[in-house]
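Subject: Structure for your review

Dear colleague,

Please find below the structure that I am handing over to you. My notes on what was found in it follow directly after.

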Amino acid sequence: MGETKGKTLNATKFVSDNAIIFLIILLALFTWANSQNFASADNIGNLISNVAPRFIIACGVSGCLITKGTDLSAGRQVGLAACFAAMMQQQADYNARVFEWMPDMPWFVALLITVAVMGCIGAVNGCVIAFLKVPPFIATLGMQTLVYGACQVITGNQPIGGLKESYRILASGNFLSNTLGNLSRFLPYLLLPALLVGIFMWFLYNKTRHGKYMYAIGGNENAAQVAGVNVSASLIRIYILASVMYALAGFLIGSKAGGASTATGQGYELEAIAACTIGGVSVNGGVGRISGILIGVLVFEVLKICLQFLRFDPAYTFIAQGLVIIVAVALDLRKYLAKK
């Protein structure tokens, strides 16, 4: 009797802890039953293409959250990275080039430059948080505004287009399109970088000293420092890695969109934080898995697609996203208080 009651309580707790995920699954099933093309290869391929860069961004944010920090500059850094990449990948004969003196360069050189520039921004974030002891919320909020202003100055607040085909094709094709035909829609090019990032981050978080230090800092920073962890160096590495993830995501988003502007990436940091929280990354630090982050990003994207297929006004999408963020954080805090 007692064992059955315990199992019932555990099942109830599991369902309540993952209430958002179950609700989104039910919404997806309802949408599938009422929309003809919801489960089509095109729609699923589009879902994967949307999830891929957002998963990369969420992986970057996750390290900040696990150490009881955050990164409110993530979205604007993604936008700046997309603009940098687009500027370097404009056609040489394009009339409205941002910088006419910019030499023609292959996409991988543009990617390396973008990663280097954004890594420097992450290093600044990390140093301000680690050495000046500025709370991550304030430090990254200030960086968010700074990056946005810098992006406006660099681009002249003008959209960037005229991108080279070699850059645009990176995020617009599918693997094995000649062999699989329509089934290749399930294998967009964007799947590969997201998969590689997921494997790398899983290995980093679970099999390296850096990952152990990160979870230790999130669990108890003072205890980690006493145990010999170089907290400052770890935090700097975490914020540099986060910005490298934003650089890669911005580079891919610019390619997928065929252009970039100062509006690119707006609000992506909130989506990433919400996805991490839905996926089990605790805002109280010390907890988080890469598999959970992927689930969180999928949940958020499926929600948006479902509302589109059900023909809701776009304004209601923002309302639904806001509610999901509030509920996700509330559930996370409830789990944290229950453990205490």
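Among contacts in the protein between residues at least 6 apart in sequence, 78% join residues at least 24 apart. Please bear in mind that this is a predicted model, and that every value in this message was computed from it.

Overall form

The protein has 15 helices and zero strands. Its radius of gyration is 21 Å, which agrees with the value near 20 Å that a compact globule of 340 residues would have. The C-alpha trace spans about 75 × 55 × 40 Å along the principal axes. The accessible surface amounts to about 16800 Å², and carbon and sulfur atoms account for 66% of that area. Of the 340 residues, 49% count as buried.

In soluble globular proteins, nonpolar side chains tend to be buried together. In this model, the largest nonpolar core holds 94 residues, and Ile 57 and Met 201 are the ones with the most contacts inside it. Helix 12 (residues 231–257) supplies the largest share of this core, with 15 residues. Leaving out residues up to four places away in sequence, Ile 57 touches Val 78, Tyr 246, Ala 249, Ile 253, Tyr 268 and Ala 272.

Val 147 in helix 6

Val 147 is located in helix 6. Its relative accessibility is 2%, and Val 147 therefore counts as buried, the cut-off for that term being under 20%. Apart from neighbours within four places in sequence, Val 147 is in contact with Arg 76, Gln 77, Leu 80 and Ile 121. Between Val 147 and Cys 120 there are 27 residues of separation in sequence and 12 Å in space, taken from C-alpha to C-alpha.

Salt bridges

The count of salt bridges comes to six.

Lys 164 sits in the loop between helix 6 (136–155) and helix 7 (165–168), and Asp 104 in the loop between helix 4 (74–88) and helix 5 (107–130), so the bridge ties together parts that are 60 residues apart in sequence. Lys 164 is buried, with a relative accessible area of 13%, whereas Asp 104 is exposed, at 58%.

Salt bridges that share partners join Arg 54, Glu 271, Glu 301 and Lys 304 into one network. Which helix holds Lys 304? Lys 304 is placed in helix 14. With 12% relative accessibility, Lys 304 counts as buried. Setting aside neighbours within four places in sequence, the contacts of Lys 304 are Arg 54, Glu 271, Thr 317 and Gln 321.

A nonpolar patch on the surface

Val 15, Phe 22, Leu 23, Ile 25, Leu 26, Leu 29 and Trp 32 form a nonpolar patch on the surface, and together they have about 700 Å² of accessible area. Helix 2 (residues 19–34) contributes the most to this patch, with six residues. Trp 32 has its place in helix 2. Is Trp 32 buried or exposed? Its relative accessibility is 51%, so Trp 32 counts as exposed, for which the cut-off is over 50%.

Yours sincerely,

A colleague

Terms used. Residues are numbered from 1 along each chain as its sequence is written. This is a predicted model: local features need pLDDT of at least 70, side-chain atom pairs count only at pLDDT 80 or more; totals for chains, interfaces and linings use all residues. Side-chain values use heavy atoms; hydrogens and water are left out. Patches are made of residues with over 30% relative accessible area and no salt bridge: like charges are joined within 9 Å, nonpolar side chains (Val, Leu, Ile, Met, Phe, Trp, Tyr) within 5 Å. Accessible areas come from the Shrake-Rupley method with a 1.4 Å probe; for residues, only the protein chains shown count as cover. A salt bridge is a side-chain nitrogen of Lys or Arg within 4 Å of a carboxyl oxygen of Asp or Glu. Helices (H or I, at least four residues) and strands (E, at least two) are DSSP runs, numbered from the N terminus. Buried means under 20% relative accessible area, exposed over 50%, partly exposed in between (1.4 Å probe, protein chains only). The radius of gyration is taken over C-alpha atoms; the globule rule is 2.2 Å times the number of residues to the power 0.38. Contact means heavy atoms within 4.5 Å. A nonpolar core is a set of buried Ala, Val, Leu, Ile, Met, Phe, Trp, Tyr and Cys residues joined through side-chain atoms within 4.5 Å.
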